Structure formats: C-alpha cells, structure tokens
Amino acid sequence: MGEGRGISVGIRVISLDEVDSTNEYAKKIARKVPEGTVVLAKRQTAGRGRKGRRWESPEGGLWMSVILKPQRVDSRLVFVGALAVVDTLSEFGLSPGIKWPNDVWVAGRKIAGILTEGRAGEYTVLGIGLNVNNPIPPELQGDAVSMLELIGTPLPLDRVLERLLFHLNAWYRVFKERPGLMMAKVRERTFILGRTVKIIQDYNVLIGRAVDVLDDGSLLLDIDGQLRRILYGDVSLRLF
Ligand code: ATP
Ligand code: BTN
C-alpha cells in the first residue's frame, strides 16, 4: 500500500472539532485505514510536543497527523513534514528555515513543530502543528509566532491545508524514491548550519558549531576541532 507513484497523502481526511491529540487518534486507527489518511482537528485539548511537552492548539491553527506506512521505520520522515511546511510557508511569502531536528522557524521564532511516532513495521504517524490564525499564548510570545502575525491578515485554513497536503505528497515521494535528494534540500533549508549551538541530551550538554546534516539525518557538530555526530533522537538544540 502506498508504494505506487500516485498521490496518497490526504486520500482520506478525518475532520474533528476537538480531540486530545491528533497523533493519539491517528495511532489508534492507523492499522485500519489506508496510508495517507489524515486526522485534522480544529482544537486539541492535549496537543503534545516531544517528551510529552505541551503543544498549544487553540482554534485557528493547523493541527494534523498523517498516517504513513513506509517499508521501514525511518527517523528522516520528520523532514518530509518540515520540508512540506517550509515550502507551504514560502508560497505565502515567508522565509522559513528548519531548526534541526523537528521545528520550523521564521524570523527567529517557532511557527511549526513536527512529531513523528509509530510502531516498527506497521505505521508512522507524522504530526504537524502549524500556527496559522491561532493566538499565541503570552508565555510563548517572543519564542513562537503565527502566519497571521507575520502576514498581518488571517489566512483561509483550507487553502493552507491544501498546499501543505500537496507538498507532503511531493516530499513523501522524494523520500521514497530519492532520499539523498531530500536530505540535500534539508541541508539547504537548515538555518542553524555555521552557528554555535548547544545540544542537550538528558544530563549531557555539548556546545559546538553545527557543520552539516548528514544523509542519515544526524547533525555534525564541530567541538573545538573534533567532529561529532549527533543522532536524531530526543535531543534538544538551543541557539546562542
Ligand atoms: P527542544 O529543542 O527543547 O526540543 P522544542 O521547541 O523542539 O525544544 P518540543 O518538545 O519539540 O520542544 O516542542 C514543545 C515546545 O514547543 C513547548 O515546550 C513550547 O515551548 C513550544 N510550543 C508549544 N506550543 C506551541 C505553539 N503553538 N507554537 C510554537 N511553539 C509552541
Ligand atoms: C514539537 O515541536 O515538539 C512538535 C509539536 C507537534 C505538534 C503537532 S499538532 C498535531 C499533532 N498532535 C500532537 O499532539 N502533536 C502534533
């Protein structure tokens, strides 16, 4: 299923008014629905980021999860989501960049986050949260931003969704057929390269210069002249 060349993302869209988390909902139905099924919600009551961190999801944003059934589990699927968001935002006149490993930023603030979860050999749920017209809570102002705030006028959510689905299809296909090409684009769009970053992994902290994103999705860090590969996983990255 889904290995043909045809379009599959958005083949079926389940639209909900309210849900705890579209990722949770998608995981529950994943085995029973075709690849490409999308779960969309107007609001999430318990939207999540990584490590169970809260994702603010009031009405007005795009909160969705895509059920994918790739041949093998691949952490690089997060980049299918990131690149699709980047291309969508670019079409709306913005200049986004990928903050490795799972965020999209515009003008120094986070506009979208991607959360992939799954069961090996069965499915991957690609969760995307994109701030469109939703308000940004006061405690996140300065760190987070919406399309509305940047563009100055509300955007039709269905139009943003349509463009995002289009780009998800395109990048999922590139991922399956030419993953190296996808990673070249990730490298090009990752704005942290060349900058000093802090990597936090549990209680370990590494500080170095981000040099490259390698073809397996890991980040190459230069720590005082020594190169070190940081695997994609539950690592946090902070900019200086
Ligand atoms: P880290 O680099 O530490 O992983 P992160 O930003 O990637 O940071 P995640 O757990 O991936 O952290 O994402 C959740 C975080 O995103 C929350 O802790 C909060 O700071 C922020 N956040 C929550 N809701 C929103 C939103 N709607 N828009 C932008 N940022 C948000
Ligand atoms: C992050 O930045 O850590 C990722 C945030 C991912 C948020 C999206 S919104 C749709 C989907 N459902 C969730 O509960 N999380 C993802």
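**View 1. Two domains side by side.** The centres of domain 1 and domain 2 sit 23 Å apart, taken over C-alpha atoms. Domain 1 covers 13-189 and domain 2 covers 196-239, with bounds that come from an automatic or database domain assignment. Where they touch, domain 1 puts in 12 residues and domain 2 puts in eight; contact here is a pair of residues whose C-beta atoms, placed from the backbone, lie within 7 Å. Helix α5 (residues 179-189) gives the largest share of the domain 1 side, four residues. That side of domain 1 splits into five nonpolar, two polar and five charged residues. For these classes, Ala, Val, Leu, Ile, Met, Phe, Trp, Tyr, Cys and Pro count as nonpolar, Asp, Glu, Lys and Arg as charged, and the others, Gly among them, as polar.

A word on what you're looking at: this is a predicted model, so local features need pLDDT of at least 70 and side-chain atom pairs count only at pLDDT 80 or more, while totals for chains, interfaces and linings use all residues. Residues are numbered from 1 along each chain as its sequence is written, and chains are lettered from A and ligands numbered from 1 in the order in which they are written.

**View 2. The whole protein.** You'll find five helices and 12 strands here, which are DSSP runs (helices H or I, at least four residues; strands E, at least two) numbered from the N terminus. The C-alpha atoms fill a box of roughly 50 × 40 × 35 Å along the principal axes. The radius of gyration is 17 Å, which agrees with a compact globule, because 240 residues packed that way would come out near 18 Å. That radius is taken over C-alpha atoms, and the globule rule is 2.2 Å times the number of residues to the power 0.38.

**View 3. The seven-stranded sheet.** This open sheet runs β1-β2-β3-β7-β6-β5-β4 with mixed pairing, where two strands pair if DSSP finds at least two bridges between them. At its edges are β1 (13-19) and β4 (96-99), each pairing on one side only. Neighbouring strands are turned by 20° against each other on average, direction ignored; axes are lines fitted to C-alpha atoms, and angles run from 0 to 180 degrees between N-to-C directions. Zoom in on β4 and strand β5 (residues 103-106), and you get an antiparallel pair with four bridges. There, lysine 99 stands opposite aspartate 103 in β5.

**View 4. The five-stranded sheet.** Another open sheet goes β11-β10-β9-β8-β12, with antiparallel pairing. Its edge strands are β11 (226-230) and β12, each pairing on one side only. The twist averages 45° from one strand to the next. Strand β8 (residues 196-201) pairs with β12 over four bridges, and valine 197 has leucine 239 of β12 as its bridge partner.

**View 5. Around ligand 1.** There are 17 residues around ligand 1, and Gly49, Arg53, Glu56, Ala144 and Ser236 come nearest; a residue is near if its C-beta atom, placed from the backbone, lies within 6 Å. The shell around ligand 1 has four nonpolar, six polar and seven charged residues.

**View 6. Around ligand 2.** Of the 21 residues around ligand 2, Ser21, Gly49, Gly113, Gly127 and Gly129 come nearest. At least two residues each come from α1 (22-29), β3 (62-68), β6 and β7 (123-130). The class count for the shell around ligand 2 is six nonpolar, 12 polar and three charged.

Definitions and conventions:
Contact = placed C-beta atoms within 7 Å.
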